[in-house]
Amino acid sequence: MSELTGTIIAAHGRHYLADANGEKLQCVTRGKKTNVAVGDVVHLKRTSNDQAVIEKIAERTTLLYRSDQYKSKLLAANISRLFIVVATEPSFADDLVSRALVAAEAAGIEAHIILNKVDVEEPLARARERAGLYASLGYPLHELSARADPEHAVATLMPLLAGQSSIFIGQSGMGKSSLINLLVPDADIAVREISEALDTGKHTTTFTRLYWLQGGGSIIDSPGFQEFGLYHLTEGMLERAFVEFKPYLGGCKYYNCRHLAEPSCAVLGAVAEGRIAKMRHALYGQLLHESSQTLY
């Protein structure tokens, strides 16, 4: 049977859907390996009209994943931009936002924050202040309202998505699906097709999926999650993934300083002077602790 190249556009358990020049193929991996991510370019061997086996994964430019103590979960491959969707209400988790930013830094992916529902006035000032912390670190912050001003939302985001491979992540309730539906008008139909092709039997939102954009580029929509483990990041990767630490790295008294409680630590000095947010430094300490617990 013929050899094909395709892009993985959906994953559910160990079932994958690949797009090979517009043709959708249900795919499985050889053996039990499940190290395939949405966005992966794969070499396929067709086994029937609409089915294929994944023979090989092409080299990735980037890989975004989260991990807990026991295993890692691939989120997406070959992405250039990460958009974290937060909202004025319900309240968003700073822990999740910071973890996603750290994961993006470690993977070499450009991160942006979207503050949605800015038409809801009462919680706006507080949400702006909280999102402003990330803007002050240099992450672009885009304010919009998918429901109240969809035209502005599309006009804001489309130029940022054109020609890029992007992923949208966020907790449930932040309006991520509303944004995807604005940006990809036939997203609902695509989801139904994918559900049928993967034989999940229901209109599910628990799989990650990729949509092609008309002007070039793609968007990956990931299921809403409340946890973002980063057990796979080493100490060295972690300190570099906090962008605000960079000016102080190398300025500590001890070359192997962990920036937790050591004397004459430049990072701790910056925290004490308010140049590094205490919340971010506390998360760094938590992530260091997690990385020491890894069992895989």
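Visitor: What makes the span of α8 close to the expected one?
Guide: This is a predicted model. In it, α8 has 14 residues and reaches 20 Å from its first C-alpha to its last. The expected span, at 1.5 Å a residue, is 20 Å.

Visitor: Which residues of α8 are called buried?
Guide: They are R280, H281, L283, Y284, L287, L288, E290 and S291. The label calls for under 20% relative accessible area.

Visitor: What do the buried residues of α8 pack against?
Guide: They pack against α1, α2, α6 and α7. Contact here means heavy atoms within 4.5 Å.

Visitor: Why is E244 called buried?
Guide: Its relative accessible area is 8%. The cut-off is under 20%. So E244 counts as buried. E244 is found in the loop between α6 (235–241) and α7 (266–272).

Visitor: What makes the link between E244 and R280 a polar contact?
Guide: The two side chains are joined at 2.7 Å. A polar contact needs a pair of N or O atoms within 3.5 Å, one able to donate a hydrogen and the other to accept it. The pair is therefore counted as a polar contact. Leaving out residues up to four places away in sequence, E244 touches L137, I276 and R280.

Visitor: How do you know that A270 is buried?
Guide: Its relative accessible area is 0%. Buried means under 20%, so A270 qualifies. A270 lies in helix α7. Apart from residues up to four places away in sequence, A270 touches Y248, R275 and I276.

Visitor: How far apart are the C-alpha atoms of A270 and F245?
Guide: They are separated by 8.6 Å. Along the chain, the two residues are 25 residues apart.

Visitor: Let us turn to α2. How does its reach compare with the expected span?
Guide: Helix α2 covers residues 124–136, which is 13 residues. It reaches 18 Å from first C-alpha to last, close to the 18 Å expected.

Visitor: Where is the kink in α2 centred?
Guide: On R130, with an angle of about 25°. The bend is the angle between two axes, one fitted to the seven residues ending there and one to the seven starting there.

Visitor: Which residues of α2 are buried, and what covers them?
Guide: L124, A127, R130, A131 and Y134 are buried. Their cover includes β8 (81–87), α1 (94–107), β9 (110–116), β10 (141–143) and α8 (278–291).

Visitor: What does the general spacing of an α-helix tell us?
Guide: With 3.6 residues a turn, residues three or four places apart point the same way.

Visitor: What makes β8 mostly covered?
Guide: 7 of its 7 residues are buried. R81, F83, V85 and A87 point one way. L82, I84 and V86 point the other way.

Visitor: How do you know that β8 and β9 pair?
Guide: Pairing takes at least two bridges. 7 bridges join β8 to β9, and the strands run parallel. So the pair passes. I84 stands opposite I113 in β9. The chain goes from β8 through α1 to β9, in a right-handed β-α-β crossover.

Visitor: And what makes β8 and β11 a pair?
Guide: They share 4 bridges in the parallel sense. At least two are needed, so this pair passes as well. Strand β11 covers residues 165–169. In β11, I169 stands opposite I84.

Visitor: Why is K117 called partly exposed rather than buried?
Guide: K117 is at 21% relative accessibility. Buried means under 20% and exposed means over 50%, so K117 falls in between. K117 lies in the loop between β9 and α2. Its phi is near 65°, a positive value in a residue other than glycine.

Visitor: Which peptide bond is cis?
Guide: The one from E89 to P90, with omega near -5°. P90 lies in the loop between β8 and α1.

Note on methods. Residues numbered from 1 in each chain as written. Predicted model: local features only at pLDDT ≥ 70, side-chain atom pairs only at ≥ 80, totals over all residues. Heavy atoms only, no water. Expected span 1.5 Å × (residues − 1). Buried < 20%, exposed > 50% of the residue type's maximum accessible area, 1.4 Å probe, protein only. Right-handed = clockwise from strand over helix to strand, strands pointing away.
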